[in-house]
Amino acid sequence: MENTRLATAALCALLIYGCHKDDDITPAELPANEQHTITVNVDVILPTDIRDSWQPTIDWAMSNISKAQEMLPNQINLRLRYHDEDAEDLDQLAYALTHPAEGDDTCHAIIGPYHSSNANTILRYAERNRLPVIMPTCTSAELQRTNARSTYAWFLTESDITQCEMMIALAANNNFQNIALIYSDDTYGQSFRDWFGYYAAEQQLHLAGNGVCAFKDNDDITPFLNSFRDDCTNQKVMICCALSNAADYAKVCKQINQLQMEVILDDNNLFLYTLFADVAFDPLVIDDMEIGFSYAIAPYGSPTYGFPQAYEARYGSLALGGYAQIYDALTLTALGAAHQAVHGENCLVDGKQVVYDMRPTTPGLTDHIRSIVACENGAATGWNLNGLTRAFAEIAGGREITITGATGTFNFDGETRTKILNTTYLVWDSDFVDDGTGNFHRMVKPLVYLSTEGSSTQASTTTLWQMDKKWNSTIEDVTVSHNLPALTDRWAVVISPSTSWNNYRHQADAFAMYQTLRHSGYDDDHIILIVEDNLANDPLNLYPGEIFVERSNDATTTSDIFVNDNVRGNAVVDYHFSDLTPDDLADIMLGRSSDRLPQVIHPSSSSDVFFFWSGHGGSIDGPLWGNEDASKYFGKQRIKDIVTEMNNLDMYRRMMFAIETCYSGKWGEALEGLPDVLALTAATAYETSKADMYDRSLGVYLSNAFARTFRRQIYQNPHIAIYDLYRELFKTTKGSHVSIYNQLNYGSVYDETMGEFLE
């Protein structure tokens, strides 16, 4: 009886859901022995072809949700309203869904979108009232990372960082030494581009030819494919393809097939294999593929808990990509609504009452879903009809549940409980099968299931290879002597070529490095600081006049340098970046002052020169001269020529480069062979570097781990051994391999210290 009163009273909180049968009855008047329907409006945003493919799964989930509640007095009804993701104006749609008139039109949850590139539009509006946005297939690493603290942004598949890891693991496990990547030049492909070089380096795989290649529309990738010919003769190459739409797979495979036919005719023993990412798990790709291919991988349902088997028994076909995720999205929404009907504003997540500082301050539907997935010691329930029947009954009785989904164990992140941490992946290939009428169709052939956790039916990635940092504790130690003169002075050039608010971290890191050098004994006359200096007074800056590299409420130790400090304060900016050209920077480094360039460095053969650069980089020549959309490289040959000329003119005693950009190893390679020059780079020549200090209030990344660790180490110990500095950089920089270049021409990295460049 008490449970009935609780459920009835809790309807107060759900009147906005529209109790269509009893709109004119107040909760206190509701008869306890009648069934009442609580309608939840769920807006489903998908491309039409994906909706058609997913519809049987949607119908199955909706049927089970309805049947599971047949014996309960208060029932949740999901009213699904579909929107074509490819046809709608998503900005207008998101506004309409988040600014409805009260009543039947109120949106209570969004499922979708399908594409990561569309998600930010929806999430931006959903933040207004923390409307749950449950995304079955949005896997962009950057999207998930920037929404890591959002309690309304639900990701039911791990990011493509995991899928990239799986692809590299498969290549390594199948004895491939040469690997390459073709990725979509869009949001989807970015995750693969960013992490491919990293995982290849972890496994010590060789990037074949030019390594990675962006693909868009009808690009001709023949030059990229031809780069394998001389590089990998008599070898096999695994080409990983991460393309965001089905049509592109056919275009790319046609070009791969053409090259394979040519090398066969040329008696060139180059063997090409392909490994496709999840979008290839699409009927259009499977049916229309012109060539055979080695493997493909896609997020899948959990065979441990029976979803793929049950789907195949029910429909006579395999459950394709996203089927398990859309099933879970619907059932979690319904269970969350049932939980809200019982508990109302009394919502606990991880044992703590949910309350917000900003309106709405009370918990919403998203928090009740979070409460369900956070519980690890409730009544065990499952995704199928029997499991859902028990789940709804337990919730109606005021008891907690621990549910297993179609995708597997609901292991969500510990901070918000909205980001799934375990995903099952199906590795598959295809074959032609006679349908019984003499017609042959290409059919999917499952090979193995993989997951990050492993189980009795799934191999864990850790069984394929160990994910250990392989920094080399035995870097070749050398002692070179160039009869260096006694040190007389030090000079520094600190530059950030970024000018936009979104690239805040680059200028912030440059300002922080300037402050570190000032702390270490440099005066302004010996530091050339080149930044656009437009952040402090940017209209988006919530702290006018101030720039931060780290903000925290817990900064209590002096070791946390620059935490909550304004790194712009008292800095003397010598040049705004947009006023300079690459040739100007060459003149500054070579001491060629002029009316335009009054501030230059004046080092001599007894001077040490420190150079710090923080910005974007590209895969061809490393650091870019401008923002990420800049098409202009500074040039690895240009930096080599500058330093070579400085050496010829006896303009340095020793010189160190610290480069924080994607593909910064390109410059490291260019500087090899020059005497008394050392380069520390945030990434290899084939990797992107990753921002990691995100601030939600400012909406930008504040810093990069490479620059932050560099500063902290030399601030705390100006005489740290270069090897010890390198080791700390390697251990703390995630997602790229910090690299050291030209140590053979510099000296012992164990004996030489940063004291050369710091007082």
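**A guided look around the model**

Asn-147 touches Asn-120, Leu-123, Ala-153, Phe-155, Lys-419 and Arg-696, leaving aside residues up to four places away in sequence. The model is predicted, and the visit begins at this residue.

Visitor: Is Asn-147 buried or exposed?
Guide: Asn-147 sits in the loop between helix 5 (141-146) and strand 5 (153-155). Its relative accessible area is 5%, and buried means under 20%. By that cut-off, Asn-147 is buried.

Visitor: Thanks! What share of the 759 residues in the chain is buried?
Guide: The chain has 20 helices and 28 strands. Of the contacts between residues at least 6 apart in sequence, 71% join residues at least 24 apart. As for the 759 residues of the chain, the buried share is 59%.

Visitor: Which residues lie closest to the centre of the largest cavity?
Guide: A search of the whole structure turns up three cavities of 30 Å³ or more. The largest cavity holds about 120 Å³ of space. Twelve residues line the largest cavity, and the closest to its centre are Asn-74, Ala-338, Ala-341, Val-342 and Ala-396.

Visitor: How many residues in the lining of the largest cavity are charged?
Guide: The lining draws on several elements: strand 2 (74-84), helix 12 (323-343) and helix 14 (385-396) each supply at least two residues. By type, the lining divides into ten nonpolar residues and two polar ones. That leaves the charged group, and its count is none: no charged residues.

Visitor: Why is one side of strand 13 and of strand 15 left without a neighbour in the sheet?
Guide: Picture an open sheet of three strands in the order 13-14-15, with mixed pairing. Strand 13 (379-381) and strand 15 (408-409) stand at the edges of this sheet, so one side of each has no neighbour there. The reason is that each has a single partner strand.

Visitor: Which residue in the turn between strand 26 and strand 27 has a positive phi?
Guide: Strand 26 (residues 691-695) and strand 27 (residues 700-704) run antiparallel and are joined by four bridges. One of the pairs is Ala-691 with Asn-704. The two strands form a hairpin with four residues between them, and the turn residue with a positive phi, about 75°, is Gly-699.

Visitor: How many of the twelve residues of helix 19 are buried?
Guide: Helix 19 (residues 705-716) reaches 16 Å from its first C-alpha to its last, close to the 16 Å expected at 1.5 Å a residue. Its buried residues include Phe-706, Arg-708, Phe-710, Arg-711 and Arg-712. Helix 19 is largely enclosed by the rest of the structure, because the number of its twelve residues that are buried is ten.

Visitor: One last stop: which residue with a positive phi follows helix 15?
Guide: Helix 15 (residues 504-519) has 16 residues and reaches 23 Å between its first and last C-alpha, close to the 22 Å expected at 1.5 Å a residue. Buried residues account for 14 of those 16, so helix 15 is largely enclosed by the rest of the structure. After helix 15 comes a residue whose phi is positive, near 115°: Gly-521.

Conventions: Residues are numbered from 1 along each chain as its sequence is written. This is a predicted model: local features need pLDDT of at least 70, side-chain atom pairs count only at pLDDT 80 or more; totals for chains, interfaces and linings use all residues. Side-chain values use heavy atoms; hydrogens and water are left out. On a 1 Å grid over the protein atoms alone, a cavity is a set of points where a 1.4 Å probe fits but cannot get out, and a pocket is an open set with protein on both sides within 12 Å along at least five of seven lines; lining residues have an atom within 4 Å of a point. Grid points are joined across faces, edges and corners, and a volume is the space filled by probe spheres set on the points. Ala, Val, Leu, Ile, Met, Phe, Trp, Tyr, Cys and Pro count as nonpolar, Asp, Glu, Lys and Arg as charged, and the others, Gly among them, as polar. Two strands pair if DSSP finds at least two bridges between them. The expected span of a helix is 1.5 Å times one less than its number of residues. Buried means under 20% relative accessible area, exposed over 50%, partly exposed in between (1.4 Å probe, protein chains only). Contact means heavy atoms within 4.5 Å.
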